[in-house]
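Good morning, and thank you for coming. Please keep the sequence and the structure in view while I speak.

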Amino acid sequence: MTSTYNFSAGPSVLPVDVLKQAQEEMLNWQNSGMSVMEMSHRGAEFMSIAKNLHQDLRELMNIPDNYKILFLQGGATAQFSFIPANILAGKTKACYINTGAWSEKAIKSAKPYCDVIISASSENNKHTAIPDRSEWQLDEQAAYLHYTPNETIHGVEFAGVPDVGDLPLVADMSSNILSKEIDVSQFGLIYAGSQKNMGPTGATIVIVRDDLLGHAQVGLPDIFNYEKQAAQDSMLNTPATYNWYLVGLVLQWLKAQGGIAAMEEINKRKAAALYTAIDQSSLYSNPVAKADRSRMNVPFILANKDLDATFLKVAKIQGFLSLKGHRSVGGMRASIYNAMPESGVSALIQFMAEFERTH
Ligand SMILES: *Cc1c(COP(=O)(O)O)cnc(C)c1O
């Protein structure tokens with residue numbers, strides 16, 4: 001197999017330049033005589049890697065000074081529980097928007113900590129359209145409002161940031177962080193697993209506004225306490241050093257591409273091309289309301305389900321990998337994160353057209 005395109009939802013494709021640089025530096029990082037994996041996290045070499053990582057993320061996302069950046073372990077899933085444990089601040093309620101499988105998991109994990117108010121849900125349309133903001137029921141007494149800006153499995157994405165008044169907005173950006181420009185000051189807390197758009201797994205990011213810190217639940221272990229982690233620059237214990245390094249390389253790559261604004265333009269073009277091809281075909285279709293379609297994860301089904309297995313088999317032979325949809329929704333899914341080049345999306349579109357013609 002010569003060239004391949006990997007459409008995996010996560011862990012997912014990394015920029016080839018990043019993988020090459022990691023390969024070159026694998027045995028001996030910048031003449032230190034050590035692999036990054038072998039370095040003390042307190043040593044000067046790794047401290048410089050960590051410093052650049054923080055600075056580059058702050059610069060790329062334009063993160064204001066009153067926000068802390070944490071790199072933690074446990075994935076986005078652990079934060080589903082640690083968020084209420086850290087920021088309920090004595091309140092008993094939190095609002096959640098249910099737009100798909102990941103929202104549901106966040107809701108389930110929050111329930112042991114507080115009364116979860118479902119302010120809106122797209123369950124009745126099988127998560128194919130985001131409930132209109134005018135229908136949301138907010139509770140002013142809630143500690144925060146949680147939503148999932150991009151539902152990785154259902155392929156549903158908020159085009160903008162919802163206005164929720166004074167409620168701190170908490171966003172699970174696991175699958176669309178760094179894909180488009182956002183105004184961080186509109187959020188109380190942003191979190192994301194690293195393995196979709198930032199690097200390999202294992203460097204979960206939490207960006208949290210200062211005033212939300214310092215109110216953690218009594219008894220919460222320090223290692224899960226955002227304030228304690230912030231005070232130690234996320235080095236309360238040994239961090240996932242190699243994963244931090246790789247995320248750092250992805251951020252440097254992103255800067256070299258022109259930053260998030262430039263990437264957003266490419267992402268718009270990639271998604272528009274793929275959705276247009278799907279909408280114009282009679283074999284493929286996407287069930288999501290046009291305004292709510294994800295730029296990162298594009299699910300599609302074949303009109304004839306019996307062709308699913310053949311489609312995946314032929315795709316794989318031709319180098320189009322990991323196109324199988326999530327087991328809960330079936331069909332296909334092409335994840336087209338930052339690291340998927342436009343040429344990969346064009347090649348996929350051509351392949352799909354050819355498959356349609358021959359089947
Ligand atoms: C992948 C994903 C998660 C889970 O991330 P883990 O790192 O596996 O815990 C949570 N939320 C969203 C939106 C995701 O895409």
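This is a predicted model: local features need pLDDT of at least 70, side-chain atom pairs count only at pLDDT 80 or more; totals for chains, interfaces and linings use all residues.

Residues are numbered from 1 along each chain as its sequence is written, and side-chain values use heavy atoms, with hydrogens and water left out.

I begin with the ligand. A residue is near a molecule if one of its heavy atoms lies within 4 Å of it. There are 13 residues around the ligand, and Thr77, Thr152, Asp172, Gln195 and Lys196 come nearest. In the side chain of threonine 77, an N or O atom is 2.5 Å from a ligand oxygen; for threonine 152 the value is 2.4 Å. A polar side-chain atom of lysine 196 lies 2.7 Å from an oxygen of the ligand. The protein buries 88% of the 390 Å² that the ligand exposes when taken alone (Shrake-Rupley method, 1.4 Å probe). Which helix gives the most to the shell around the ligand? Helix 3, residues 75-87, does, with 4 residues; helices here are DSSP runs (H or I) of at least four residues, and strands are E runs of at least two.

I turn to the strands, where a pair requires at least two DSSP bridges. Strand 2 (residues 67-72) runs antiparallel to strand 10 (residues 204-209), joined by 6 bridges, and leucine 72 stands opposite threonine 204.

Elsewhere, 3 strands form an open antiparallel sheet in the order 11-12-14. Strand 11 (284-285) and strand 14 (332-335) each have a single partner strand, so one side of each lacks a neighbour in the sheet.

Finally, the salt bridges: a side-chain nitrogen of Lys or Arg within 4 Å of a carboxyl oxygen of Asp or Glu. The count comes to 13. One of them joins aspartate 56 and lysine 255 at 2.7 Å, N to O. That pair links helix 2 (residues 44-61) with helix 6 (residues 241-256), 199 residues apart. Is aspartate 56 buried or exposed? Aspartate 56 is buried, at 8%, while lysine 255 is partly exposed, at 33%. Asp56 and Lys255 also belong to a salt-bridge network with Glu59.

Methods
A polar contact is a pair of N or O atoms within 3.5 Å; within protein, one must be able to donate a hydrogen and the other to accept it, and residues adjacent in sequence count only if both atoms are side-chain atoms. Buried means under 20% relative accessible area, exposed over 50%, partly exposed in between (1.4 Å probe, protein chains only).
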